[in-house]
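The following report describes the fold of a single protein chain and then turns to selected local features. The sequence and the structure are shown first.

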Amino acid sequence: QEVHLLMTTAIHYDTRAVMAAAAIGHEIHALALTTRKSLDMCSRRPELLDEGNSDATTATCPDFHLAASSQLKIPERSRSFDAEENTQLLRPLEETEAIEQMRSWLRERNWLEEENFFTDEYIHTAMHANKNGKQRTFEYTALKLQQSLKWRRDFCAAGIKREDVSRALAPNHMWWEGEDKFGRPILYARPGEMDLSTYSREEYVKAHVYLIEQGLQRMRAGVSTFVLVVDASHLSTKHFDLARDKQLLHIGTEAYPDRLGELIVGPVNGFIRTSWALLSHMMPKRLADKIAMTKNLSASLADLLPPGVSPPSFLRPSSA
């Protein structure tokens with residue numbers, strides 16, 4: 001019925017689209033036979049996926065790569081007509097089917113919380129992200145999302161309360177405030193203001209998990225990422241903790257993958273440059289590309305905020 005509706009609608013746009021619709025109908029029929037078999041064969045292993053390990057998934061299920069990757073994009077022979085409106089016409093059926101298959105894959109493995117934790121927008125973003133210059137395979141994305149859910153469940157992330165991390169957040173140096181011009185919630189952090197006399201690495205990491213969970217709840221419909229703005233004023237070597245930063249990097253890439261939309265750090269100083277030189281080698285390029293260093297944090301943030309919205313008052317001249 002979906003293919004029949006697609007073909008009927010395409011007639012009003014371009015007769016060439018009818019041929020493409022028929023080709024996609026053939027693809028859908030073939031995928032219906034192969035995808036189920038491939039999904040059943042797929043590994044359910046619980047270990048974490050390494051962001052840099054591109055062979056971990058394809059080695060587990062070699063047959064699955066071919067069946068699943070084709071469902072995520074229109075075959076090249078179906079793109080013989082070069083009309084943007086026809087591409088838009090074909091996209092809803094293709095995307096809806098792929099997203100539902102991903103949800104089914106997770107539910108079959110008893111990750112029932114996926115319904116509330118993963119929006120369609122987020123799954124779409126995760127499936128269409130690039131891995132080593134190529135679009136991620138269905139299997140790689142499925143295992144990556146599964147590990148996110150496993151980590152969150154093992155860490156009891158949803159159960160963390162404000163009182164559990166109040167000491168790590170004192171004196172309120174990390175908080176959510178407003179949205180950028182794309183509707184993404186903004187997390188502000190002033191690590192130079194943290195209370196080092198009560199510092200605990202474990203509590204500090206847990207505080208970040210708590211904040212991310214809070215940020216996900218703030219996201220409006222159609223938004224799946226957030227912005228992190230770091231005021232680096234007063235940061236020095238006494239704030240450096242490599243083991244902590246490695247844990248936070250792991251959380252950003254494995255526990256909450258594809259959630260960080262942009263990170264702005266400023267004002268840049270010698271400590272920031274040294275820290276970046278060390279940490280940048282530990283993160284995947286996809287994450288590194290989302291990080292911007294600036295000498296004028298206030299001006300950089302102003303470019304990101306909606307028209308008429310001023311940067312927070314803490315961005316005084318000394319930190320701009």
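Helices (H or I, at least four residues) and strands (E, at least two residues) are DSSP runs, numbered from the N terminus. The model is a predicted one, in which local features need pLDDT of at least 70 and side-chain atom pairs count only at pLDDT 80 or more, while totals for chains, interfaces and linings use all residues. Residues are numbered from 1 along each chain as its sequence is written, and side-chain values use heavy atoms, with hydrogens and water left out.

**Overall architecture**

The protein chain contains 14 helices and seven strands. Of its 320 residues, 48% are buried, where buried means under 20% relative accessible area, exposed over 50%, and partly exposed in between (1.4 Å probe, protein chains only). The accessible surface of the chain is about 16,200 Å², and carbon and sulfur atoms account for 53% of this area. Accessible areas come from the Shrake-Rupley method with a 1.4 Å probe; for residues, only the protein chains shown count as cover. Contact means heavy atoms within 4.5 Å. Among contacts between residues at least 6 apart in sequence, 78% join residues at least 24 apart.

Strands of a sheet pair through backbone hydrogen bonds, either parallel or antiparallel. Here, five strands form an open sheet in the order S3-S4-S5-S6-S7, and the pairing is mixed. Strand S3 (174–179) and strand S7 (291–293) are the edge strands, each pairing on one side only. Two strands are taken to pair if DSSP finds at least two bridges between them. On average, neighbouring strands of this sheet are turned by 20° against each other, direction ignored.

Within the sheet, strand S4 (residues 185–189) pairs with strand S5 (residues 226–231) in the parallel sense over four bridges. Ile186 stands opposite Val227 in S5. Helix H14 (residues 297–304) packs on the sheet and touches S4, S5 and strand S6 (260–266). The direction of H14 makes about 155° with that of S6; axes are lines fitted to C-alpha atoms, for helices over the stretch in contact, and angles run from 0 to 180 degrees between N-to-C directions.

How many of the residues of S5 are buried? Six of its six residues are buried, and S5 is thus mostly covered. The cover extends to both faces: Phe226, Leu228 and Val230 are buried on one side, and Val227, Val229 and Asp231 on the other.

**Helix packing and helix faces**

Two packed helices are described by the angle between their axes and the distance between the axes. Helix H8 (residues 138–155) packs against helix H11 (residues 242–255) at an angle of about 130°, with the axes 9 Å apart. H8 and H11 are therefore oblique to each other: angles under 35 degrees count as roughly parallel, over 145 as roughly antiparallel, 65 to 115 as roughly perpendicular and the rest as oblique. H8 contributes Lys144, Gln147, Ser148 and Trp151 to the contact, and H11 contributes His250, Ile251, Thr253, Glu254 and Ala255.

In helix H7 (residues 120–127), the residues Tyr122, Ile123, Ala126 and Met127 are buried. They cover an arc of only 130° around the axis, which puts them on the same side of H7; the arc is that of the directions from the helix axis to the C-beta atoms. His124 also belongs to H7, but is partly exposed, with a relative accessible area of 26%. Leaving aside neighbours within four places in sequence, His124 is in contact with Glu95 and Ile99. The C-alpha atoms of His124 and Ala98, 26 residues apart along the chain, are separated by 8.5 Å.

Arg162 is found in helix H9 (residues 162–169) and, at 34% relative accessibility, counts as partly exposed. Beyond neighbours within four places in sequence, Arg162 is in contact with Leu169, Asn172 and Tyr210.

**Backbone features in loops**

Most residues other than glycine have a negative phi, and most peptide bonds are trans. The exceptions below concern loop residues.

| Residue or bond | Backbone value | Loop |
|---|---|---|
| Ala170 to Pro171 | cis, omega near -5° | Pro171: between H9 and S3 |
| Gly266 to Pro267 | cis, omega near -5° | Pro267: between S6 and helix H12 (270–279) |

Asn110 is exposed, with a relative accessible area of 55%.
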